[in-house]
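Please look over the sequence and the model shown here before reading the briefing. The notes are arranged by topic.

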Amino acid sequence: MSESKDQITVQASGVEHGSSTNSLAKDAQTGAQSSSSQVEASECPVQPADLVDQKKGAFGYFKTKEFYITVLLGQILAIANTSTGTFTTLLGEEQWAIPAFQTFINYVLLNVIFTPYTMYRYGFKGWLRLVYRDGWKYIILAFCDVEGNYFIVLAYQYTTMLSAQLINFWAIVVVVVISFLFLGVRYHIAQIIGILLCIGGMGVLIGSDHITGTNGGDISQGNQLKGDMFALLAASFYGLTNTGEEYFVSTRPVYEVLGQMSFFGMIINGAQAGIFDRTSFHNAHWNGKVGGYLTGYTLCLSMFYCLAPLLFRLSSAAFFNVSMLTMNFWGVIIGVKVFHYHIHWMYPIAFVLIIIGQLIYFLAQKVLSEARKPWLGANQERGVVGLFTAKRKIVHVIPTAAEFQDQTQTPDDTSKHTPTVNTSAV
């Protein structure tokens with residue numbers, strides 16, 4: 001009897017031992033899976049930028065203040081650029097036409113404002129190191145900007161405004177292609193549809209100009225082909241300038257970019273004015289009206305140059321050029337008061353089409369939208385913490401992101417992209 005009890009006890013203990021062994025195996029398997037998931041999580045951590053840049057529905061970006069600032073800023077720039085054209089027309093009515101010298105004053109004003117401030121921030125030796133290290137880049141940027149301004153003025157002397165505006169669409173193509181190939185920008189289908197709709201609205205504007213006979217330009221001498229080539233060159237230079245400036249203001253402070261571009265632009269434009277505008281100086285009429293118009297032109301153009309980098313940070317060079325498509329509309333609005341133009345019934349339709357195209361452009365955008373530049377890294381670690389930059393918003397929401405480095409970035413890459421000057425400013 002005692003032997004049977006012992007046998008039962010042994011069997012029971014054997015069952016308990018087997019069940020405990022199975023439970024240990026399950027615990028070990030669960031632990032292995034947990035540790036495996038932890039390893040995977042550590043290998044693919046959630047980026048701080050991804051925590052901020054979340055998609056909140058198809059219209060999520062429309063709920064952010066950045067969207068309204070972007071659209072409003074684009075129209076302010078379009079009005080400012082239209083105002084420069086208005087002052088240029090008024091100067092022409094006063095028998096004053098010195099195209100290179102006209103923009104030279106703008107570069108001088110910007111240089112006087114931003115270059116001394118850059119020296120103050122970096123120190124004179126730091127500014128010299130900046131010129132030595134990055135001067136050649138800014139020379140290329142300034143050259144493209146100067147030549148874009150110069151060739152568009154020449155284009156309007158030989159061809160119609162209709163042809164020049166049509167060819168100016170080439171600037172959008174240049175921006176999109178360069179951004180796609182060299183900056184790694186990928187465009188959503190909504191952005192492409194928005195751009196095409198804006199171009200369609202501009203087509204309506206140009207069509208109404210053709211109907212009313214307000215295309216402008218003198219083609220009586222048979223030099224329209226020359227004018228079209230000048231317009232094509234201007235659009236190409238503008239596309240290069242816009243894309244380059246977007247890249248620079250995303251990695252450097254605005255005061256540095258504008259200071260360097262105006263410094264070298266002043267030199268290039270001054271030399272160009274001295275070579276090509278000497279005859280125009282002798283033939284120009286100087287009076288009080290010319291001085292007032294020239295002052296207005298310079299102030300509007302300088303404001304345009306100061307605000308454009310902020311739009312490049314908020315959005316992109318592509319949207320910048322799309323915003324400029326409303327210039328013709330604002331030109332007629334200003335012309336109603338200044339030149340007694342009449343608004344054609346197609347103008348409001350065209351303006352609405354362009355605005356709707358801009359709204360579609362931002363469909364399906366996340367919170368950071370185009371402010372998150374692909375060439376700056378996953379957390380914009382290669383960017384500057386400046387006004388309207390994505391990095392500034394990321395650091396504001398997640399303060400620890402300021403010290404967060406891209407996991408795929410090597411120490412050599414980090415030192416390569418670390419600026420030698422303080423960039424935690426505008």
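Predicted model: local features only at pLDDT ≥ 70, side-chain atom pairs only at ≥ 80, totals over all residues.

Residues are numbered from 1 along each chain as its sequence is written, and side-chain values use heavy atoms, with hydrogens and water left out. The protein has 17 helices and zero strands, where helices (H or I, at least four residues) and strands (E, at least two) are DSSP runs numbered from the N terminus.

**Overall composition**

- Of the 426 residues of the protein, 46% count as buried; buried means under 20% relative accessible area, exposed means over 50%, and partly exposed lies in between, with a 1.4 Å probe and protein chains only.
- Among the contacts in the protein with a separation of 6 or more, 87% come from residues 24 or more positions apart, a contact being heavy atoms within 4.5 Å.

**Annotated transmembrane regions**

- The unreviewed UniProt entry carries the annotation "transmembrane region" for residues 67-90, 96-117, 138-156, 162-182, 189-208, 290-312, 319-339 and 345-364; UniProt positions are given in the numbering used here, feature names are shortened, and annotations may be inferred rather than shown by experiment.
- Residues 67-90 are 100% helix and 0% strand in the model, and the end C-alpha atoms of this span lie 35 Å apart.
- Residues 138-156 are likewise 100% helix and 0% strand, with 28 Å between the end C-alpha atoms.

**Packing of helix 3 with helix 14**

- Two packed helices are described by the angle between their axes and the distance between the axes.
- Helix 3 (residues 65-93) and helix 14 (residues 327-338) pack at an angle of about 50°, with their axes 9 Å apart; axes are lines fitted to C-alpha atoms, for helices over the stretch in contact, and angles run from 0 to 180 degrees between N-to-C directions.
- That angle makes helix 3 oblique to helix 14, because angles under 35 degrees count as roughly parallel, over 145 as roughly antiparallel, 65 to 115 as roughly perpendicular and the rest as oblique.
- The crossing of helix 3 and helix 14 is right-handed; a crossing is right-handed if the near helix is turned clockwise from the far one by less than a right angle, and left-handed if anticlockwise.
- On the side of helix 3 the contact is made by Q75, A78, I79, N81, T82, S83, T86 and L90, and on the side of helix 14 by M327, W330, G331, I334 and V338.
- The residues of this contact of helix 3 with helix 14 comprise seven nonpolar, six polar and no charged; Ala, Val, Leu, Ile, Met, Phe, Trp, Tyr, Cys and Pro count as nonpolar, Asp, Glu, Lys and Arg as charged, and the others, Gly among them, as polar.

**Packing of helix 3 with helix 15**

- The axes of helix 3 and helix 15 come within 12 Å and cross at roughly 145°, and this crossing is right-handed.
- F67, V71 and Q75 of helix 3 make the contact with F351, I355, Q358 and L359 of helix 15, and by class these are five nonpolar, two polar and no charged residues.

**Selected helix residues**

- F319 is found in helix 13 (residues 317-323) and is buried, with a relative accessible area of 0%.
- Not counting residues up to four places away in sequence, F319 touches T70, L311, Q358, Y361, F362 and E370; the C-alpha atoms of F319 and T70, 249 residues apart along the chain, are separated by 9.3 Å.
- S302 in helix 12 (residues 288-314) is buried at a relative accessible area of 7%, and S302 touches N106, L109 and L110, leaving out residues up to four places away in sequence.
- In helix 7 (residues 170-182), W170 counts as partly exposed at 39% relative accessibility, and beyond its neighbours within four places in sequence W170 is in contact with L232, A235 and S236.
- S179 also lies in helix 7 but counts as buried at 2% relative accessibility.

**Loop residues with positive phi**

- Q95, in the loop between helix 3 and helix 4 (99-122), has a positive phi of about 60° although it is not a glycine, and Q95 is exposed, with a relative accessible area of 53%.
- S369, in the loop between helix 15 (346-361) and helix 16 (390-397), has a positive phi near 50° as a residue other than glycine, and S369 is buried, with a relative accessible area of 9%.
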